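Subject: Structure handed over, with notes on what was found

Dear colleague,

Here is the structure I promised to pass on to you.

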Amino acid sequence: MATIITTSTRHSCSIHRIYFAHIVPSARLALFPGSLAAAAVKCSNNGSAASDEGSLKDILSGIVDERVEQLLNKEENKALLKGLEQASTRVEIAKRQLAEIQKQEMEAKNVREYINQLESRASEIEECQKEILEARAMVDEAELSLKGAGGDASSEMESGMSSKDEERLQSVKAASISALIGTLAELPISLSRVTSNSQLILPLAITFVSCALFGVTFRYAIRRDLDNFQLKSGTSAAFGFVKGLAMLEAGLPLELDSGSILSHAFDGAVYVSESLLIFLFAGVALDFCIKLRILSPFPIERSAPRT
């Protein structure tokens, strides 16, 4: 509480003496060393309570400012004030640094988010590239398979055509060789039986056709079993017996008497022997040509394709 004693005269200048009996202990000790303070001020002529209250505030403010200036001017308080200013400066610097750090953290966060977006997009792009490469590989494989299938089919057709043509050619060669050698072997036998050259045409023609058929059959029968003597001689004997017996049948008819039977037996043996001789010569010639590689056995041997 503060006790104020005021002596005033209406329409005159008054001097107020203010006694501060009690002040808040902390403020009283800091501002005033004693327990009582007095001051005199001039009041305005109106003398109203509002003017007195304003004057009191002005007095208190002036007193406080003066006391604060006295406290600040003391040497021991200057060091504290200087430390306070330095602390305030450090606080401001720390605040600015903290704001800068927060700003950098926000920028780093934004950069990390952008990097994550780029990484996700990069992974998506990589997956798309993998899918594209897989699709391209599948397309290339399909094209290769189509080309390979077409090429294999065409090559197989071409090889089949060429192999058939070659087989036909080798068969023609075998028939020609066999017919030529068989006709030459038949020539002296036919000359011993005819009296004119015109009579040689029919037997030589028959021998030529028979030996041509024998040559084709011999090549297909022997195949690549070139060392099988029984097979080669058996083929020649079969053709010899057929041709000889056919010539016997074309002769005189058989009668049921001993002379006719003996005559047909002798003639049959001669015809078969002559035919065997002709086809044996033709078979030997074919075997010789095959071994000399003039004629290829059936089937024609082909080299393995290079990969």
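Contact, in everything that follows, means heavy atoms within 4.5 Å. Please bear in mind that this is a predicted model, in which local features need pLDDT of at least 70 and side-chain atom pairs count only at pLDDT 80 or more, while totals for chains, interfaces and linings use all residues. Residues are numbered from 1 along each chain as its sequence is written, and side-chain values use heavy atoms, with hydrogens and water left out.

Overall make-up

The chain has six helices and two strands, where helices (H or I, at least four residues) and strands (E, at least two) are DSSP runs numbered from the N terminus. Read from the N terminus, the order of elements is β-β-α-α-α-α-α-α. Of the 307 residues, 21% count as buried; buried means under 20% relative accessible area, exposed means over 50%, and partly exposed lies in between (1.4 Å probe, protein chains only). Among contacts between residues at least 6 apart in sequence, 66% join residues at least 24 apart.

The nonpolar core

A nonpolar core is taken here as a set of buried Ala, Val, Leu, Ile, Met, Phe, Trp, Tyr and Cys residues joined through side-chain atoms within 4.5 Å. The largest one has 18 residues, and those touching the most other members are Ile-177, Cys-211, Phe-214, Phe-218, Leu-286 and Leu-295. Helices H3, H4 and H6 (258-291) each supply at least two residues of this core, with the largest share, seven residues, coming from H6. Once neighbours within four places in sequence are set aside, Cys-211 is in contact with Ala-175, Ser-178, Ala-179, Gly-182, Ile-278 and Phe-279.

The largest pocket

A pocket is found on a 1 Å grid over the protein atoms alone, as an open set of points where a 1.4 Å probe fits, with protein on both sides within 12 Å along at least five of seven lines; its lining residues have an atom within 4 Å of a point. The largest pocket holds about 370 Å³ of space, the volume being the space filled by probe spheres set on the points, which are joined across faces, edges and corners. Its lining consists of 15 residues, of which Glu-186, Arg-193, Pro-203, Ile-206 and Met-247 lie nearest the centre. Helix H3 (75-191), helix H4 (201-222) and helix H5 (229-249) are the elements that give two or more residues to this lining. By class, the lining has eight nonpolar, four polar and three charged residues, where Ala, Val, Leu, Ile, Met, Phe, Trp, Tyr, Cys and Pro count as nonpolar, Asp, Glu, Lys and Arg as charged, and the others, Gly among them, as polar.

Salt bridges

There are five salt bridges, each being a side-chain nitrogen of Lys or Arg within 4 Å of a carboxyl oxygen of Asp or Glu. Arg-193, which is also among the residues nearest the pocket centre, forms one with Glu-274, with the closest N and O atoms 2.3 Å apart. This pair links distant parts of the chain, 81 residues apart, with Arg-193 in the loop between H3 and H4 and Glu-274 in helix H6. Arg-193 is partly exposed at 39% relative accessible area, whereas Glu-274 is buried at 16%.

Asp-287 pairs with Lys-232, the closest N and O atoms being 3.3 Å apart; Asp-287 lies in helix H6 and Lys-232 in helix H5, so the pair ties together parts that are 55 residues apart in sequence. Both of these residues are buried, and Lys-232, Asp-287 and Lys-291 are linked in a network of salt bridges.

Asp-165 and Arg-168 meet in a salt bridge as well, at 3.1 Å from N to O. Being three residues apart in helix H3, they are separated by about one helical turn; Asp-165 is partly exposed at 43%, and Arg-168 is exposed at 52%.

Individual residues

Ser-190, in helix H3, is buried at 3% relative accessibility. Leaving out residues up to four places away in sequence, Ser-190 touches Leu-200, Pro-203 and Leu-204.

Phe-298 is found in the segment after H6 and is buried at 19%. With the residues up to four places away again left out, Phe-298 touches Glu-167, Arg-219, Tyr-220, Arg-223 and Arg-224. Phe-298 and Arg-223 are 75 residues apart in sequence but 4.7 Å apart in space, C-alpha to C-alpha.

Arg-293 is also in the segment after H6, and is exposed at 75%. Most residues other than glycine have a negative phi, but Arg-293 has a positive phi of about 65°.

With best regards
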